[in-house]
There are 2 protein chains.
Amino acid sequence: MFKLYEYSPSGNCYKVRLLLTQLNIAFDRTEINILQKQSRTPEFLVKNPNGRIPVLEIEPGKFLFESNAIMFYLSEKTEFFPSDRFERAQVMQWLFFEQYSHEPYIATSRFWISVLGKADEYKEALQQKQAPGYAALGVMEQHLEKNDFFVGDRYSIADIGLFAYTHVAGEGGFDLTGFPAIQSWIDRVKSQPRYIGITD
Amino acid sequence: MFKLYEYSPSGNCYKVRLLLTQLNIAFDRTEINILQKQSRTPEFLVKNPNGRIPVLEIEPGKFLFESNAIMFYLSEKTEFFPSDRFERAQVMQWLFFEQYSHEPYIATSRFWISVLGKADEYKEALQQKQAPGYAALGVMEQHLEKNDFFVGDRYSIADIGLFAYTHVAGEGGFDLTGFPAIQSWIDRVKSQPRYIGITD
């Protein structure tokens, strides 16, 4: 059985939980408290030398890290990953966009404000995250004004990847009021079969 | 014919040039001077709404962005991407590692120092990039002490992705002297058939 090493409030870990649940694949969970540096112990660094969660243990001793790579592993040849060559690459395009242009701003702000509870201490750094975070939301909004989902008019791991931190962007100090297409898309994602919430 | 929109000093663009050359695929190049904000014009934003290079035009009006997604598109079903399911995901794992834990530190430092020539102006920000940049190099070194390449003992787009900014890390103020396994791997990459340098 798959074993997921995760810190449950993390959106990156939630991506994997949501996909596994929607794929109807049973899995074990092991909580790694990153606030107590449990992802930096010698024992954990064997699982991921980069000291981050999530990690998926596929079989004893066989580990995969990076949330979007784990989703790729799990979804290939399922309905959550396209069969068309160009669409497959478009899924990857949006997942790399998520990790480079979205997560470092929106997820990091949420971590400081809502996980650590240190909005005051990080006040200046949070301010610097605002413009690039809103820029990423603007790119998403523009795409969703003309498309129901990110790739091929169908729910895929590109949507899961972007949904994870976007639907809780408010916890990072980002206001989605001005992004009606994103709000409609969030509702569409939440209405997918076997959907579970980030706190479920 | 493929058309690559690129800023040639960029390592992200070099990844695509190197792979296309090693695949023996002819392509046209269009230089986009990001210093003159040519990637933020209304005309360019049609190609990539995120305003970044590289962009690959696959056929007229059909665009793909994000360097690692472009490499995935080009390499699937070639010798540069594994056929084994777990190895395919491991390639993605290292490419996401590159974009999240390596590029924002090493590539950004190189950009400020060697492209913009503004080491003094960015002195404090450069200092903050040192520890996470060296941490990424440490993860690579540890892997390469036991492996000739990143995945499946064979040269793949995982190597191209990590090579692009690692082999010019010195231009970003990172010293590779303490990383002998990385140095040997750089030599192995440079000895691959049809290799071209970043300034070629």
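Which residue of β2(A) stands opposite L4(A)? In this predicted model, the residue that faces L4(A) is R29(A).

The sheet of chain A gives that pair its setting. Strand β1 of chain A, which covers residues 2-6, is joined to β2(A) by five bridges, and the two strands run parallel. Four strands in the order β2-β1-β3-β4 make up an open sheet in chain A, with mixed pairing. At its edges lie β2 (27-31) and β4 of chain A, each of which pairs on one side only, and from one strand to the next the twist averages 25°.

The contact between the chains draws on 25 residues from chain A and 25 residues from chain B. On the side of chain A that touches chain B, the elements listed below each supply at least two residues.

| Element of chain A | Residues |
|---|---|
| β4 | 62-65 |
| α3 | 67-75 |
| α4 | 85-115 |
| α5 | 123-144 |

The element that gives the most to this side is α4(A), with 11 residues. By class, the side of chain A that touches chain B holds 14 nonpolar, eight polar and three charged residues.

On the other chain, F97(B) belongs to helix α4 of chain B, residues 85-115. F97(B) counts as buried because it has 27 C-beta neighbours inside 10 Å, where 20 or more are required. When neighbours within four places in sequence are left aside, F97(B) is in contact with N50(A), E66(A) and H102(B). Although F97(B) and L162(B) are 65 residues apart in sequence, their C-alpha atoms are 9.0 Å apart in space.

Terms used
Residues numbered from 1 in each chain as written. Chains lettered and ligands numbered in written order. Predicted model: local features only at pLDDT ≥ 70, side-chain atom pairs only at ≥ 80, totals over all residues. Contact = placed C-beta atoms within 7 Å. Nonpolar A, V, L, I, M, F, W, Y, C, P; charged D, E, K, R; others polar. Buried ≥ 20, exposed ≤ 12 C-beta atoms within 10 Å, placed from the backbone. Pairing = 2+ DSSP bridges. Axes fitted to C-alpha atoms, helices over the stretch in contact; angles between N-to-C directions.
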